[in-house]
Amino acid sequence: MSATDFKELAERLADSARAIVRDGRERFSVEIKPDGSPVTAIDKAVEEAARDMLAREVPGHGILGEEFGSVGLDREFVWVLDPVDGTKQFAAGLPGFGVLIALCQNRKPVLGIIEQPLIDERTIGLSDGGCWMNGRKVTTSGCASLADAVAGLSGPDAYDADHFAGFERLRGSTRWNLFDTGCLGYASLARGAIDLALNGTNLDAFDICALVPVVEGAGGRLTGWDGAALTLDSSGAILGAASQALHDAAMAVLAGR
């Protein structure tokens, strides 16, 4: 079986998440986790519903979720769930968040969904089979020049001391920049609205995996800052670009070359 065989299931997971977020967005509690990050009752409800559906329909698959841990990470197929990516934005009543759903096969992300429930915007990508926004096939801009590129960058607090200088160099090399675009920046990259997407060191696999098939399916390039392919085991800083040439140019700037 391939990622395409599970596309319909992934869409139903996103439908469930959309309904829960839309129904509960006006009434939820916020807790602070031990790492200092917030979590809401909606985060938990979305992930619980997704886990229940996966347990019923694909019981032999593994799951990695932000709120409730992992099971079966050594299996061929593993679903990766970030029920509300951008919980701070969500808790503050702002729309800059999304639901991330990914499927990894042999640890490689092969299917990804970036769902924005409040505006009914869904981007779904297959790493080797295309990318669609609300059913319309989309591609990256193909931009190859940093001087012409529009970049979506995570804010300066997302970069540790080893990465901050690279962030500063890159933001000074582009045409213009947007900040704190989060997961939605990668959906914008996939549809050609921006040309670069950059995140700092504060990412885990559940923040990353869904983005890979979306960007790659649209014809872009997404790796770690070291150029390594992103997998179920990845964490840390990432760079997405509309073309291989733009990715190469941005990597050189990040490295100070």
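User: Which residues of H5 are buried?
Analyst: The buried residues of H5 are Cys-183, Leu-184, Gly-185, Tyr-186, Ala-187, Ser-188, Leu-189 and Ala-190. Buried means under 20% relative accessible area, exposed means over 50%, and partly exposed is in between, using a 1.4 Å probe and protein chains only. This is a predicted model, in which local features need pLDDT of at least 70 and side-chain atom pairs count only at pLDDT 80 or more, while totals for chains, interfaces and linings use all residues. Residues are numbered from 1 along each chain as its sequence is written, and side-chain values use heavy atoms, with hydrogens and water left out.

User: Why is H5 called largely enclosed?
Analyst: 8 of its 9 residues are buried, so H5 is largely enclosed by the rest of the structure. Labels such as this one come from DSSP runs numbered from the N terminus: helices are H or I with at least four residues, strands are E with at least two.

User: Which strands does H5 lie across?
Analyst: H5, residues 182-190, lies across S5, S6, S7, S8 and S9, and runs at about 105° to S7. Angles run from 0 to 180 degrees between N-to-C directions, and axes are lines fitted to C-alpha atoms, for helices over the stretch in contact.

User: And what follows H5?
Analyst: Gly-192 does, and its phi is positive, near 85°.

User: OK, the sheet. What order are the strands in?
Analyst: The order is S4-S3-S5-S6-S7-S8-S9-S10, which makes an open sheet of 8 strands with mixed pairing. Two strands pair if DSSP finds at least two bridges between them.

User: Which strands stand at the edges?
Analyst: Strand S4 (69-71) and strand S10 (136-137) do. Each has a single partner strand, so one side of each is left without a neighbour in the sheet.

User: Which other helix packs on the sheet?
Analyst: H2, residues 41-57, touches S3, S4, S5 and S6. The direction of H2 makes about 160° with that of S5. Contact means heavy atoms within 4.5 Å.

User: How many bridges join S7 to S8?
Analyst: 6 bridges join them, and the two strands run antiparallel. Gln-116 stands opposite Glu-121 in S8.

User: What about S8 and S9, how many residues are between them?
Analyst: S8 and S9 form a hairpin with 3 residues between them. They run antiparallel and are joined by 4 bridges. In S9, Cys-131 is the bridge partner of Gly-125.

User: And S9 with S10, how many bridges?
Analyst: S9 and S10 pair over 2 bridges in the antiparallel sense. Trp-132 has Lys-137 in S10 as its bridge partner. That hairpin has 2 residues between the strands, and Asn-134 takes a positive phi near 50° there.

User: Where is Asn-106?
Analyst: Asn-106 is in the loop between S6 and S7. Its phi is near 50°, a positive value in a residue other than glycine.

User: Is Asn-106 buried or exposed?
Analyst: Asn-106 counts as exposed, at 56% relative accessibility.

User: Back to cysteines. How many disulfides are there?
Analyst: The structure holds 0 disulfides. A disulfide is a pair of cysteine sulfur atoms within 2.5 Å.

User: What is the closest cysteine sulfur to that of Cys-131?
Analyst: That is the sulfur of Cys-183, 13 Å away and too far for a bond. Cys-131 also counts as buried, with 0% relative accessibility.

User: Last topic, H4 and H8. At what angle do their axes cross?
Analyst: The axes of H4 (residues 161-171) and H8 (residues 244-254) cross at roughly 130° and come within 8 Å. That makes H4 oblique to H8. Angles under 35 degrees count as roughly parallel, over 145 as roughly antiparallel, 65 to 115 as roughly perpendicular, and the rest as oblique.

User: Which residues make the contact?
Analyst: From H4 they are Gly-166, Phe-167, Arg-169 and Leu-170, and from H8 they are Ala-250, Val-253 and Leu-254.

User: What do the buried residues of H8 pack against?
Analyst: They pack against H4, S13, S14 and S15. Among those buried residues are Leu-246, His-247 and Met-251. Just after H8, Gly-256 takes a positive phi of about 80°.
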